Amino acid sequence: AAQIESLTAQLAAAQEEFKQFQASIVDTATPLREELEALQTKFAEVDAERTNAQSALPALHEQIATLQAELKSVSEQADAAAKDLTFQVESLAKELEAAREAVTLAQQAKEELQAKLAE
């Protein structure tokens, strides 16, 4: 009978220890579960943002291609305008040189006429 009482007491102590152990597990598990739920929510938000970003990529690539084509066109137009302006400047330089020569010839002719008139 004493052995049964001893075993009963040991069982009661073991049961109490088990209850305390269960309580400590619940105390530890509850914040971990809450943290896991918060992380799962955050993951879902980040995943949704990633999905949105990925769905926007084709449109961004299309915009980039459009802008590159526009840039190429503007660059070609600028090159053509630069060539045209260069040609115009060269033409004006030739005309200016011809005008200078004409002025020089006219000056020489004037001086010759003045010299003849002075004789």
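Biologist: What is the relative accessible area of Asp47, and how does that class the residue?

Modeller: This is a predicted model, in which local features need pLDDT of at least 70 and side-chain atom pairs count only at pLDDT 80 or more, while totals for chains, interfaces and linings use all residues. Residues are numbered from 1 along each chain as its sequence is written, and side-chain values use heavy atoms, with hydrogens and water left out. With a 1.4 Å probe and protein chains only, buried means under 20% relative accessible area, exposed means over 50%, and partly exposed lies in between. Asp47 is partly exposed, its relative accessible area being 27%.

Biologist: Which residue meets the side chain of Asp47 in a salt bridge?

Modeller: A salt bridge needs a side-chain nitrogen of Lys or Arg within 4 Å of a carboxyl oxygen of Asp or Glu. With 2.5 Å from N to O, the partner of Asp47 is Arg50.

Biologist: How many salt bridges are counted by this rule?

Modeller: Besides the pair of Asp47 and Arg50, Glu97 forms a salt bridge with Arg100, where the closest N and O atoms are 4.0 Å apart. Glu97 and Arg100 are likewise three residues apart in helix H1, or about one helical turn, and Glu97 is partly exposed at 38%. By this rule, the count of salt bridges is two.

Biologist: How many helices and strands does the protein have?

Modeller: Helices (H or I, at least four residues) and strands (E, at least two) are taken as DSSP runs, numbered from the N terminus. The secondary structure comes to one helix and zero strands.

Biologist: What is the radius of gyration of the protein?

Modeller: The radius is taken over C-alpha atoms, and the globule rule is 2.2 Å times the number of residues to the power 0.38. The C-alpha atoms fill a box of roughly 165 × 30 × 15 Å along the principal axes. For 119 residues the globule rule gives 14 Å, and the protein is well over that, so it is more spread out than a compact globule, with a radius of gyration of 49 Å.

Biologist: What share of the 119 residues counts as buried?

Modeller: Phe18, whose place is in helix H1, counts as partly exposed at 48% relative accessibility. Over the 119 residues of the protein, the share that counts as buried is 0%.
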